[in-house]
Amino acid sequence: MTTTHAPARPIGKAAVGALGTLAVATGALESVVTPTLPLLQRELDMSPAEGALLSIVLLVTGALITPIAGKLGDRYGGKRVVVRLMAVVCVGGLVSALAPNLPVLLLGQVLQGAMVGALPLSFILVRAHLPAGESKVAIGVVSGLFVGGAMAGTLAAGPVAEGLSRHWMFALPTFAVIGATVLVHRLMPHDPPRRPDGTGIDWPGLVLLSGTLVTLMLVLGLGADMVTQPLVLLGLVVLLAAFGTGWVAVERRAASPMVDLRMLTRPALGKSCVLTFLICVGTSAATYLVPQLFAVPADTYGFGASATAIGFFLLPGALAASLAGPISGIGVRRLGSRAVVTAGVLLMAVGLLGLAAAHTEIWHLVVGKALVALANGLCVTAMVTRTATSVDLGDTGIATGLVLVTRVIGFAVGVQVTGAILTAGTPSGSKIPAESAFVAGFVLAAAVTVLSLLVVRTMSKGVKE
């Protein structure tokens, strides 16, 4: 890739629409594994441990790719990097679609993880080609469409896998990604690089961060099963501490760190990361628990809903999530990020506590999930927008990448913790968790969400700090 210094020229609605289309397609492709994991386990004869690995490998790869993609986008220009990144994603999607066994499917998911880096690259392109006020709204639109695409993928994956095959549930969104990438390539003008091309990739930092994230996921995913093997669990915890400490030490001394940890000392970015983590931990409870409640047999305290019915019940949440991004972008522009985040946190707490108190009717779950989805979209989009517009233009990719990595880690941590609560609350000899386990999960998520208000109250009213 060569460095150019031509000034960026303004873009129209078609170019923003191309980025939005790419966000929808990648969001859909990212989300197909979670709702169909039981089906994949049956067809590929996977053990629970292998299923857990499949469910997290894309998240781990995405968390690693995101800061690198943002850094390269700042250095070489967002369009050049996003097109190349999407080429890797398309290959990964096709590999997943054709996978005859678990190892090949894991390879496809590793390649697909590159898609998580597309969002910060989209923000680089938006900020390079639009005025500050319009860029805030555009960032909100792109973020909201990504969330909407993810929800659409969650809704459609089950029916496609059951009606056609598991191969088509990967193939269809991959074809959409290919088409959207072509649109971005044709409609989006090149943006000038913002950083000098003088340093390489921080490989030691990449290796240590990889070890940190993989070990963290193993501790969270296997911790409950290793209670009877305390030495193994202790060894994983020690290894996690070693990887994490080594990574921080390397990044602080690196001339061109993979993740510039010094940026976390900036109030706007540090608070955005903390808030994003707490909010996504809370969101993950509803994302995981509500479908589980729908599927609990009707002769107990659940509804015995089929996969198709569950997708229909989740539709209001999908619509709320897709609308949250644009609403948040407009709200941040007019009211400031603190007002939007405060409203989102309070709305999420109400939704989670409502789910804990009332979940005996289908509409209870539908409304509660929609409130949480709307609140999450408001908060995360406000955090990303606030971060993207509070740093130097050349730091946009790195800063938003940090927030998005935090989002991935927060969601993964929340799902694993919530799953552990259900496991602990399942009576011996039964496959159905006690109703109190669901209540405990919702209450814990609400408590974490309310805790984030302590950080929100320290934010400034505007975007910049």
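A disulfide is taken here as a pair of cysteine sulfur atoms within 2.5 Å. By that criterion, a search of the whole structure returns zero disulfides. The structure is a predicted model, in which local features need pLDDT of at least 70 and side-chain atom pairs count only at pLDDT 80 or more, while totals for chains, interfaces and linings use all residues. Residues are numbered from 1 along each chain as its sequence is written, and side-chain values use heavy atoms, with hydrogens and water left out.

Cys379, for its part, is in no disulfide. Cys280 is buried at 3% relative accessibility, where buried means under 20% relative accessible area, exposed over 50%, and partly exposed in between (1.4 Å probe, protein chains only). Cys379 is buried too, with a relative accessible area of 0%.

Attention now turns to the nonpolar cores, each a set of buried Ala, Val, Leu, Ile, Met, Phe, Trp, Tyr and Cys residues joined through side-chain atoms within 4.5 Å. The largest has 45 residues, and Val290, Phe294, Val341, Leu352, Phe438 and Phe442 have the most contacts inside it. Helices that each supply at least two residues of this core include α7 (132-163), α11 (267-295), α12 (307-335) and α16 (435-451); helices are DSSP runs (H or I, at least four residues), numbered from the N terminus. The most is given by α14, with nine residues. Apart from this core lies another, of 43 residues, with Leu22, Leu59, Tyr76 and Val82 among them.

Rings of Phe, Tyr and Trp (its six-membered ring) pair if their centres lie within 6.5 Å, and planes under 30 degrees apart count as stacked, over 60 as edge-to-face and the rest as tilted. The count comes to three aromatic pairs. Phe294 and Phe303 form a tilted one, at 6.1 Å centre to centre and 55 degrees between the planes, and both residues are buried. Tyr301 and Phe438 are edge-to-face, because their planes stand at 70 degrees, with ring centres 6.0 Å apart. Since Tyr301 lies in the loop between α11 and α12 and Phe438 in helix α16, this pair ties together parts 137 residues apart in sequence. Phe294, Phe303 and Phe313 form one aromatic cluster.
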